[in-house]
Amino acid sequence: MDNSYLLMEDHSNQKQMEGDLSFIGGHPCIPASMEIPVCQLCGAEQTFFFQVAFPEEHIWHGFSMAVFACTSCAHEEYLIPEMLQDTLRGVDIPEGFLEDYQKNFKCNIFETKKGVYRDSYQEKIQFKRWKQTSTSEPKIANNKLGGQPNWLLGDETPATYKISVPMLFLMQLMEDIKFEIVQDAPPQIRLGLRGNPEPSKHHYYELFLANNIYFFGTKERLKPLVYVLTQI
Ligand SMILES: [Zn+2]
């Protein structure tokens with residue numbers, strides 16, 4: 001997809017409504033059958049960070065992606081998503097990797113129309129609605145869906161999964177995003193200066209150390225899988 005959609009915060013009304021499809025924080029809107037993911041490292045329920053409904057020209061049109069991550073534990077080797085051995089442009093992602101690498105975070109893909117507002121989820125991140133604004137500038141550096149990724153370092157666009165399934169650029173989030181938390185949300189656990197896990201003093205959460213985050217998806221619609229990587 002060369003068409004690109006900027007994800008712009010909508011400041012007009014900060015109250016979450018049941019019809020909202022693309023947003024940061026608040027309550028997830030995911031299928032009734034989908035559990036809130038649990039961290040495989042510490043067993044805590046993961047925090048809901050954001051979700052997006054893919055726009056019409058997108059290969060994943062009709063699908064949404066909801067992203068969760070653990071904010072209750074911090075492990076040196078899991079601060080960012082596990083990386084491939086070889087991250088050069090055009091690599092093949094080996095079989096099994098995409099099913100297995102999401103230990104303390106989860107990118108859930110589902111049919112948008114099956115999403116149900118999860119009232120029972122204890123909201124931690126402040127709700128902010130995203131507007132999707134179409135742009136003809138595929139290279140614009142912004143939070144966006146589609147277009148071209150803005151690499152800070154080398155181009156790490158993967159080519160395929162299991163050799164046969166092409167990978168496509170889904171979206172990116174720019175570095176330094178602070179996910180403001182609600183009043184009674186517990187502090188994020190992060191690594192302190194001595195390398196020990198400790199509660200953050202900040203009133204926000206970070207996703208993957210607030211690095212630039214790139215999401216790629218399999219072209220296969222029957223079994224959509226996500227590859228996430230970061231750069232700084
Ligand atoms: Zn955890």
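Analyst: In β18, Q231 is the bridge partner of N212. Strand β18 covers residues 226-231 and runs antiparallel to β17, to which six bridges join it. Strands here are DSSP runs of E with at least two residues, helices are runs of H or I with at least four residues, and both are numbered from the N terminus. Two strands pair if DSSP finds at least two bridges between them.

This is a predicted model, in which local features need pLDDT of at least 70 and side-chain atom pairs count only at pLDDT 80 or more, while totals for chains, interfaces and linings use all residues. Residues are numbered from 1 along each chain as its sequence is written.

Strand β17 also pairs with β12, residues 165-173, in the antiparallel sense over six bridges. There, M167 stands opposite T218 of β17.

Strand β17 itself spans residues 212-218 and is mostly covered, with seven of its seven residues buried. A residue is buried if 20 or more other C-beta atoms lie within 10 Å of its own, exposed if 12 or fewer, and partly exposed in between, with C-beta atoms placed from the backbone. N212, Y214, F216 and T218 point one way from β17, whereas I213, F215 and G217 point the other way, and all are buried.

One of these residues, F215, belongs to the largest nonpolar core, which has 47 residues; F49, V52, V67, F215 and Y227 touch the most other members. Such a core is a set of buried Ala, Val, Leu, Ile, Met, Phe, Trp, Tyr and Cys residues joined through C-beta atoms within 7 Å.

F208 lies in the loop between β16 (204-205) and β17. Its phi is near 50°, a positive value in a residue other than glycine. F208 is buried, because 21 other C-beta atoms lie within 10 Å. K162 lies in the loop between β11 (160-161) and β12, and its phi, near 55°, is likewise positive in a residue other than glycine. K162 is partly exposed, because 15 other C-beta atoms lie within 10 Å.
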